[in-house]
Structures are given as structure tokens and as C-alpha cells.
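Biologist: I'd like to learn how to read a model like this one, feature by feature. Could you give me the general idea each time, and then the case at hand?

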Amino acid sequence: MQKKAGPLFYVFLAVFVFFVMFPFLWILLSSIKPLSELFGDKAFNWFTSHPTLKSYVSVFVNYPFLRYLWNSTVVATITTVYTVFVAAFAAYAIARLEFKGKAVILGIVLAVSMFPQIATISPIYMFVKKFGLTNSYLGLIIPYTTFALPLSIWLLVTFFRKIPFDLEEAAKMDGATPMQTYFKVILPLAVPGVFTTSILVFIAAWNEFLFSLTINTAEKYKTVPVGIAMFQGQYTIPWGEISAATVIVTIPLVIMVLLFQRRIVSGLTSGSVKE
């Protein structure tokens, strides 16, 4: 019989949620404050008596923010689709096939993912510059592979290992080729894992800053994180516009996670428990 949570549990839960949500709530409230209340003593007030949406209007009127959103959407979407597609094949081979060097390959994948971006930005920039890919979508999609592909492989290997091997044996007995087995039997069962991996890769690509800042310097190809960072002028920092832009780019991710939270949770847990 399960025990009911006591009132102390809910108190701690409320405090925990408050501290987790505090930065976003503060940014949200700052985004609707007039400029005069963002500085001085009034900056520490939670609420304002004169809410305004001027900062949101300014983001789209005074800055090419729609362009930033489009750039981030294109780069993050393409990165997610192609890395998860490639990682699904690699993860299937590592998880289901017997060959020498599997542990070495997984170790290399892990090692690549452990490298800090600042340590790899110089050779990556030289490579992109050499092939004339700076200030382009492809110039970001290729470097994003360095963190998106290892993440995808590691997650998907776990999901593929969870699928019973008897299903593959049954498919072989029915005359299915390895590719037919993969697409018609294994991949449909790994959909929760693929879905979860896609969301995590998309969020990672959407929030990436250093590669975008270094490789795409033209205003036309800047992504959202870099665009927001460049809002500040020579003498002033438009905190109202920065707060509004932060809220705008965060809300879609929050909505996406809330809508698909069951799939995310089921995907993260389906590969973690062995029957």
C-alpha cells in the first residue's frame, strides 16, 4: 500500500518549483515593465502597475528577430533530422550486431562528446573557412554534428538494446532482409526513443551559441542566441528587449516539452529498465 505524501512534502515541492522557475518568472515580469522600472529601486519590484508590451513590439520592429527565429528553426530542424537518421543506423549496428570494436566505438563517441566547444572551435572554423561555408546554414549544421550525433547515438543505443532479439529472429525466419527487419520491426518499436532523442537534439541545437557566434557573423545568418546577445549597444543594454526576446524563444520549447512530456518520459524510461 502506497503512503500518502504529507504536507511537508508539498511545502518542499513548492519551494523547489519556485527556485527552478524563478529566473523565467523574473524575466517574464521584466519583459512587461516600462523602461523606467527596469533600473533603480523599482527594478527589484516583482510587479508593475503599468504593464506594457512595448519591449515585445520593439523586438520585432527594431531588430531582425524574425530572421533570427527562422535561422534557428532551419538549422535546428535540419541538424535534428539528419543526425537522428544517421544515429539510428549507427545505434542499431552497435546495439544489435556482433562485431569487433563496439566498445571502442562507443568510447570514441563518448570522448568526442566530452570535448569542450572552446577546444574544437579553432579547427572547425578553419575547416568551414577553407570550404567557404561561413555565413551559411551548412556552416553551422556540420559543426553541430560534434555534439548532436554523439548525443543521439548514446541515447538510441539504449533504446535499441531494450528491444527483444526474438523479434529479429522471427523476422529472419519469415524471410525478411536486414533492412526490412530494421524498418518494419525494430524502428517502429524504437519510436519513443527516436522521438525523445529528436527533442533533446533540437533543444541543444536551438540553444547553441559559440559555434553560431564564431562561424556566422553576417546579420542575415545569425541565430536566436547570438541575435539576442547582440542586442546591446555601445553605451546601453536594452534589458526590456532582451527579456522579451528571451521569453519569446523560450515559450515554444516549454510548450513543446509540455505537449510531448509523456512521450519524452516514456522514451527516457523505456531503455533504462530491463525486464
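**Reading the model**

Biologist: Let's start with contacts: which residues does Ser31 touch, leaving out those up to four places away in sequence?

Modeller: A contact here means heavy atoms within 4.5 Å. With neighbours up to four places away left out, Ser31 touches Thr52, Ser55, Tyr56, Gly240, Ser243, Ala244 and Val247. Ser31 sits in helix α1, residues 7-31. One caveat: this is a predicted model, where local features need pLDDT of at least 70 and side-chain atom pairs count only at pLDDT 80 or more, while totals for chains, interfaces and linings use all residues. Residues are numbered from 1 along each chain as its sequence is written, and side-chain values use heavy atoms, with hydrogens and water left out.

Biologist: Is Ser31 buried or exposed?

Modeller: Buried means under 20% relative accessible area, exposed means over 50%, and partly exposed is in between (1.4 Å probe, protein chains only). Ser31 has 0% relative accessibility, so it counts as buried. For the protein chain, 37% of its 275 residues are buried. Asn135 is a partly exposed case, at 24%. Asn135 lies in the loop between α5 and α6, and has a positive phi of about 55° without being a glycine.

Biologist: How many helices and strands does the protein chain have?

Modeller: Both are DSSP runs numbered from the N terminus: helices are H or I with at least four residues, strands are E with at least two. The protein chain has 13 helices and zero strands. As for contacts with a separation of 6 or more, 74% of them join residues 24 or more positions apart.

Biologist: And how do I describe two helices that pack, say α3 and α8?

Modeller: Two packed helices are described by the angle between their axes and the distance between the axes. Axes are lines fitted to C-alpha atoms, for helices over the stretch in contact, and angles run from 0 to 180 degrees between N-to-C directions. Helix α3 (residues 65-96) and helix α8 (residues 178-189) pack at about 100°, with axes 12 Å apart. That makes α3 roughly perpendicular to α8 (65 to 115 degrees; under 35 is roughly parallel, over 145 roughly antiparallel, the rest oblique). Ala88, Phe89, Tyr92 and Arg96 of α3 meet Met179, Tyr182, Phe183 and Ile186 of α8.

Biologist: What about Phe160?

Modeller: Phe160 is in helix α6 and counts as buried, at 0% relative accessibility. Beyond four places in sequence, its contacts include Ala88, Tyr92 and Arg96, along with Tyr182, Ile186 and Leu187. Phe160 and Leu187 are 27 residues apart in sequence and 8.5 Å apart in space, C-alpha to C-alpha.

Biologist: Which residues have the most contacts inside the largest nonpolar core?

Modeller: A nonpolar core is a set of buried Ala, Val, Leu, Ile, Met, Phe, Trp, Tyr and Cys residues joined through side-chain atoms within 4.5 Å. The largest has 32 residues, and Phe65, Trp206 and Phe231 have the most contacts inside it. Helix α12 gives the most to this core, with eight residues. Not counting residues up to four places away in sequence, Trp206 touches Leu69, Ser72, Thr73, Ala76, Val224, Pro225, Val249 and Leu253. Apart from this core lies another, of 21 residues, among them Val84, Ala88, Ala91 and Ala95.
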